[in-house]
Protein chains: 2
Amino acid sequence: MKNTDVLVIGGGPSGAVAAMTARKNYKNKSITVVRKEQRPVVPCGIPYVFSRLESVESDAPTSTAYADNNIDLVIDEVTHLNTDDKIVSLQNSEEIQYDKLILALGSGPVQIPINGADKENVWLIKKDFDYLIQLREVVEKAQNVVVIGGGFIGVEIAEDMSRRENLNVSIVEKGDTCLATMLDEEFALAAEDKLREKGVNIVTGVSIEEITGDGRADGVKLDNGEFLPADVVVMSIGARPSVDLVKDTDIHLGMYGAIWVDEYMRTSIPDVLAVGDCAETRDFFTGKHVPVMLASTASAEARVAGSNLFQLRVIRENKGTLGSFSTSINGLVISATGMTESRALSEGFDVVVGEAQAPNHHPGTLPNTQQITIKLIFSRLSGTLLGAQMMGPESISELDNMLALAIQQELTVFDFDTLQISTHPLLTTAPTNYPVITAAQDALSQMEHLTNK
Amino acid sequence: MKNTDVLVIGGGPSGAVAAMTARKNYKNKSITVVRKEQRPVVPCGIPYVFSRLESVESDAPTSTAYADNNIDLVIDEVTHLNTDDKIVSLQNSEEIQYDKLILALGSGPVQIPINGADKENVWLIKKDFDYLIQLREVVEKAQNVVVIGGGFIGVEIAEDMSRRENLNVSIVEKGDTCLATMLDEEFALAAEDKLREKGVNIVTGVSIEEITGDGRADGVKLDNGEFLPADVVVMSIGARPSVDLVKDTDIHLGMYGAIWVDEYMRTSIPDVLAVGDCAETRDFFTGKHVPVMLASTASAEARVAGSNLFQLRVIRENKGTLGSFSTSINGLVISATGMTESRALSEGFDVVVGEAQAPNHHPGTLPNTQQITIKLIFSRLSGTLLGAQMMGPESISELDNMLALAIQQELTVFDFDTLQISTHPLLTTAPTNYPVITAAQDALSQMEHLTNK
């Protein structure tokens with residue numbers, strides 16, 4: 001039997017970061033990662049294997065990271081977990097006894113019962129190298145692709161595919177707009193416009209009646225009577241936590257079927273932690289369990305776990321998870337952090353919205369000037385920032401991180417009035433008109449109890 | 001005599017923002033701005049009137065902003081200020097009596113006694129429309145330009161000029177590197193490399209012996225014996241506050257000759273405030289008076305003043321000024337916020353430096369991937385972030401704002417370990433390797449009192 005001080009099950013982003021962080025924090029401990037994938041893929045890069053990336057092979061993480069950090073990598077599947085004796089069994093290798101165990105089991109695609117979903121050329125988005133190689137091959141030969149689901153994975157796949165010549169791409173989304181969990185309507189519609197500019201056919205507010213065809217799918221029949229021809233159907237409905245391994249243990253699951261964890265990512269069983277998509281996430285604002293599955297969130301959780309294995313050393317403020325998100329659609333970057341206005345309202349928050357638009361250069365006559373649009377959502381009475389959405393050039397993605405930090409630091413509308421920033425003519429909006437500040441001022445002007453004296 | 005509730009003297013960024021902010025906060029007050037420039041220019045845009053901008057005319061602020069906000073604009077020069085009776089005299093118009101006065105007098109170029117500096121084709125960088133028109137005209141005809149001073153204005157002018165065909169551009173800098181007040185050596189040298197790639201000749205560590213020529217300058221003789229031919233010499237040595245107007249008043253000046261102000265930008269005389277380059281700035285970390293003259297800083301001060309004219313309403317935390325700065329040199333964006341390592345050391349801080357490099361896309365095989373380099377400077381014992389420098393693609397400019405916020409919020413090295421960010425394959429570094437976090441972890445690993453248990 002092999003022995004290790006720290007065992008990580010799962011080699012995706014959360015498992016990798018947990019192991020690397022453990023190595024930084026505990027220089028003398030032995031660390032082992034068990035991963036079932038012979039060839040891992042970068043999950044965030046999967047939507048881009050159809051056009052921007054030359055091949056599925058180029059969507060690979062650095063292969064030497066484990067060896068460089070003196071972490072033992074075992075490529076095998078864990079078949080059983082015995083938390084009493086702290087032993088895991090593997091399909092092809094000897095058992096491993098651990099002192100501390102980190103579960104980074106990830107997630108898999110949701111499958112919903114659609115008529116015809118079992119047909120030959122209906123695909124899911126799996127984090128599986130060989131599967132993706134095959135999917136890319138069929139897409140290369142296809143003329144019509146229908147993507148079912150307009151969440152961010154579906155949208156990104158459709159956008160990347162739309163860059164292929166002679167390929168017709170459609171998105172079918174049940175909700176009123178694509179990206180509705182991340183974006184309010186005005187931003188979601190801007191995203192749809194950019195997709196349509198690339199020729200993507202978007203059908204929203206409809207359900208699938210049937211995937212038609214004899215053995216092989218030849219199209220998708222919608223409940224509005226419309227028919228979309230398809231040689232490839234991609235189902236991108238969402239993901240659910242992979243928790244099969246813990247089903248026979250005493251490790252508790254939470255409300256949505258993910259592994260229950262405390263603030264330090266500790267499960268209900270001593271010396272067993274869980275991070276990433278398989279672990280339950282609590283919302284920053286409400287403390288509710290929310291199904292946020294982002295590599296960025298997973299990495300943050302993994303850093304907390306990897307720093308706190310043997311003692312609680314990096315104190316985590318009890319803040320919950322802030323979903324922050326960026327995407328790029330046909331040259332337009334759209335980002336969001338915290339709550340959308342519609343989610344804030346449905347959670348019962350009394351909100352004030354501040355908006356601003358400004359060019360990303362000053363003067364706006366400089367070459368390549370683009371427009372920035374920002375929306376900030378504040379709590380009316382306290383002035384606390386609850387959420388932000390923005391779109392514009394590439395720098396929007398780091399502006400999103402600035403606003404994510406602002407939420408984490410509980411900034412109010414007043415903090416923006418005295419905020420100190422850096423600006424540059426070729427790089428940002430003018431200091432006189434910086435849209436984060438003007439949007440906050442717009443909100444402030446609507447807070448009568450604060451501004452009327 | 002004209003009467004106004006709020007009078008702003010100066011129509012640069014700080015004057016404009018002070019007036020606009022006052023309008024937002026005090027809807028029923030009359031507001032007047034007196035500006036001497038018939039045609040104002042955007043100060044930050046001046047370096048780019050030589051190549052990127054089509055003309056000096058295109059470096060103009062929005063001309064309707066005052067009228068749109070019901071602010072009276074008087075174009076005239078103030079000749080006298082009487083703070084006892086609260087009256088200002090103007091060259092060509094009637095006197096104006098005010099209730100609250102905001103001085104936004106700006107700054108002018110430093111002139112140092114160099115032999116030959118009075119020659120015909122030796123130019124300063126003035127925020128003066130007609131002067132800049134003439135300068136652009138002579139640059140259009142020139143073959144050899146020598147820029148004296150390698151601060152950010154000198155560097156940006158040289159970089160923009162280097163985009164003109166058949167123009168040789170040199171920078172002469174007394175210090176060891178260009179940009180030494182904003183950047184540590186490794187970042188300053190990277191900036192110099194990018195300038196040299198564009199053909200700019202950089203001579204550092206030298207002084208000017210003489211600007212040679214008979215009436216018209218024909219070159220610059222350096223104290224190392226070198227001679228640089230020149231049809232145009234541009235002196236860009238720095239700026240000093242314009243305070244002539246207050247010299248006959250009781251308004252106190254501070255150590256560096258700027259107007260003394262309290263935290264709410266109030267001068268030593270009741271009802272008189274000062275903002276921007278003419279007002280004294282206190283350093284964020286030490287409280288020392290520092291000669292920071294940036295439009296972004298000026299705008300922040302103007303917002304504080306404009307919000308607090310009649311009562312102190314927007315409470316400013318006593319934090320001082322954080323110099324934050326971004327520039328773009330031949331496609332490389334370089335940013336900094338807070339203290340450089342060398343300044344921190346010379347101020348007596350015990351520091352730890354964390355460094356990281358990472359591609360700005362993940363996987364790095366995606367098209368147009370560029371490298372990001374980050375340096376974070378922390379206080380060794382407390383772990384507080386003191387400064388950051390970074391370079392890479394355009395998004396660096398907003399990353400700088402995120403780190404400026406982190407300093408303003410007094411984040412420590414531990415906060416970065418649990419920081420929640422958003423990432424995207426086409427837009428940012430991987431979540432597993434986000435360089436702000438890895439640089440912080442690099443610093444943490446050097447803090448033995450914190451990491452050794």
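Visitor: Which domains is chain A divided into?
Guide: Domain 1 (2–36 + 76–107 + 240–307), domain 2 (122–237) and domain 3 (333–451), with bounds from an automatic or database domain assignment. This is a predicted model, where local features need pLDDT of at least 70, side-chain atom pairs count only at pLDDT 80 or more, and totals for chains, interfaces and linings use all residues. Residues are numbered from 1 along each chain as its sequence is written, while chains are lettered from A and ligands numbered from 1 in the order in which they are written.

Visitor: What separates the centres of domain 1 and domain 3 in chain A?
Guide: 36 Å, taken over C-alpha atoms.

Visitor: OK, on to the pair. How many residues does the contact take from chain A and from chain B?
Guide: 69 residues from chain A and 69 residues from chain B, where contact means C-beta atoms, placed from the backbone, within 7 Å.

Visitor: Which element of chain A gives the most to that side?
Guide: α8(A), with 10 residues. Helices (H or I, at least four residues) and strands (E, at least two) are DSSP runs, numbered from the N terminus.

Visitor: And how do the residues on that side of chain A divide?
Guide: Into 31 nonpolar, 29 polar and 9 charged. Ala, Val, Leu, Ile, Met, Phe, Trp, Tyr, Cys and Pro count as nonpolar, Asp, Glu, Lys and Arg as charged, and the others, Gly among them, as polar.

Visitor: What superposes chain A on chain B?
Guide: A rotation of 180 degrees with 0.0 Å of shift along its axis, at RMSD 0.0 Å, by least squares on the C-alpha atoms of residues with pLDDT of at least 70 in both. The two copies are thus related as by a two-fold rotation axis.

Visitor: Why do you say the copies meet through the same surface?
Guide: Because 100% of the interface residues of chain A are also interface residues in chain B.

Visitor: Switching to helices: at what angle do α1(A) and α6(A) pack?
Guide: About 30 degrees, with their axes 8 Å apart. Axes are lines fitted to C-alpha atoms, for helices over the stretch in contact, and angles run from 0 to 180 degrees between N-to-C directions. That makes α1(A) roughly parallel to α6(A) (an angle under 35 degrees).

Visitor: Which residues meet there?
Guide: On α1(A), they include V17(A), A18(A) and T21(A); on α6(A), A298(A), A302(A) and R303(A) are among them. The residues of this contact divide into 8 nonpolar, 6 polar and 2 charged.

Key: Contact = placed C-beta atoms within 7 Å. Parallel < 35°, antiparallel > 145°, perpendicular 65-115°, else oblique.
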